[in-house]
Amino acid sequence: MEASYDRNRRWTPVGDQAAAGRSTHKFKVVSYNILAQDLLLEHFFLYVGIPQEFLTWQRRQQNVLRELIKLDPDILCLQEMQFDHLAVLVQRLCMGNGKKLAYVYKKKTGHRTDGCAIVYDCSKFELLDHQAVELHDQAVALLNRDNVALFARFRFKKQQEQQKEFVVATTHLLYNPKRSDVRCAQVGRILEELHSFSTDTPIVLTGDFNSLPDSSPIKLLIDKNGDVESEASAEQLHFQIIDSGEGTASTYQNDWVIVDYILRSLGARSRHKLLPLSVYSLPSINRCFATGLIPNHHLGSDHYALGAVFTVV
């Protein structure tokens, strides 16, 4: 039986539904910070009040797998994916949904054991290229942390029309609430690297940005130099947040807040466009308070998963 907070999360149609009916180039993306077990153990004081049986990796993995099998994404972006848990998680996903899955992965630099993964249905997509980006650069004072980003360029395998490509990127930015300056530098580096990696290809960018919607790092992502459509601004990468619902939250950080996002690239530099067709609505803040602390008996992480369906036109 589904928990009540699961039943209150719905796939909500957005955008041009006529395009949805016509398109053969649809794909579902899910982004999820699944809480690395090593980080949970290192910061165990954050989970006081949660029964320990809900905090074991065995139990949390079961809950995460059940949720992901239900969501059934074509492409799955994972943050806080512990390197020694990835292969088994993907294997069990394959067993659960019957898909042929492959993945790319980038572990954080330094001593951390977690990183970012992009898992994809390799019977549906061809992986054309991928790039791991380390957000640590000794030449840049603010880029002194172990965070990473991961990019992958895909092409649909089975289609009669011209080949349509797209990029999926994911990241997990620094947590420290006082260091928005570091997160801004990290976003700047990601935009630089994405600009050269994506060339004329539209981008889905996902992740845990540890930043509120009105914060400087998010404004950097969605900034468009005002609304002036010059040749320079057309070339600049900028993004639109896929709205997961008003008054909703993705995690608890002293309050129920949104710090996780799925975004799509905008602008004239891409040959094709990504149109959102539906979004997996986040739970309302009231529902989050009613549900209480997570992980719990049903949810395997301290973040809620995000999802969106896109078409390439």
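Which residue just after α4 takes a positive phi? I looked at the end of the helix and found Asp72, with a phi of about 55°.

**Ground rules.** I noted that this is a predicted model, in which local features need pLDDT of at least 70 and side-chain atom pairs count only at pLDDT 80 or more, while totals for chains, interfaces and linings use all residues. Residues are numbered from 1 along each chain as its sequence is written, and side-chain values use heavy atoms, with hydrogens and water left out. Helices (H or I, at least four residues) and strands (E, at least two) are DSSP runs numbered from the N terminus.

**Helix α4.** I read α4 as residues 57-71, 15 residues that reach 20 Å from first to last C-alpha, close to the 21 Å expected at 1.5 Å a residue, where the expected span is 1.5 Å times one less than the number of residues. I then listed its buried residues (buried means under 20% relative accessible area, exposed over 50%, partly exposed in between, with a 1.4 Å probe and protein chains only), among them Trp57, Arg60, Val64 and Leu68. The buried residues of α4 pack against β1, β2, α3, β3, α5 and β14, with contact taken as heavy atoms within 4.5 Å.

**Helix α6.** Thr199 follows α6 and has a positive phi, near 45°.

**His172.** I found His172 in strand β8 (residues 165-172), buried with a relative accessible area of 7%. Its side chain makes a polar contact with the side chain of Asp208 at 3.2 Å; such a contact is a pair of N or O atoms within 3.5 Å, where within protein one must be able to donate a hydrogen and the other to accept it, and residues adjacent in sequence count only if both atoms are side-chain atoms. Leaving aside residues up to four places away in sequence, His172 also touches Asn33, Glu80, Lys108 and Asn147, among others.

**Cavity.** I searched a 1 Å grid over the protein atoms alone, where a cavity is a set of points that a 1.4 Å probe fits but cannot leave, a pocket is an open set with protein on both sides within 12 Å along at least five of seven lines, and lining residues have an atom within 4 Å of a point. Points are joined across faces, edges and corners, and a volume is the space filled by probe spheres set on them. The structure holds 1 cavity of 30 Å³ or more, and the volume of the largest cavity is about 70 Å³. Leu68, Pro73 and Asn97 are among the residues that line the largest cavity. Asn97 lies in helix α5 (residues 86-97), and its C-alpha is 9.7 Å from that of Pro73, 24 residues apart in sequence.

The largest pocket holds about 790 Å³ of space, and of its 29 lining residues His43, Leu46, Tyr47, Tyr175 and Asp302 are the closest to its centre. The second largest pocket holds about 190 Å³ and is lined by 13 residues, with Pro177, Arg183, Asn210, Leu212 and Gln253 nearest its centre.
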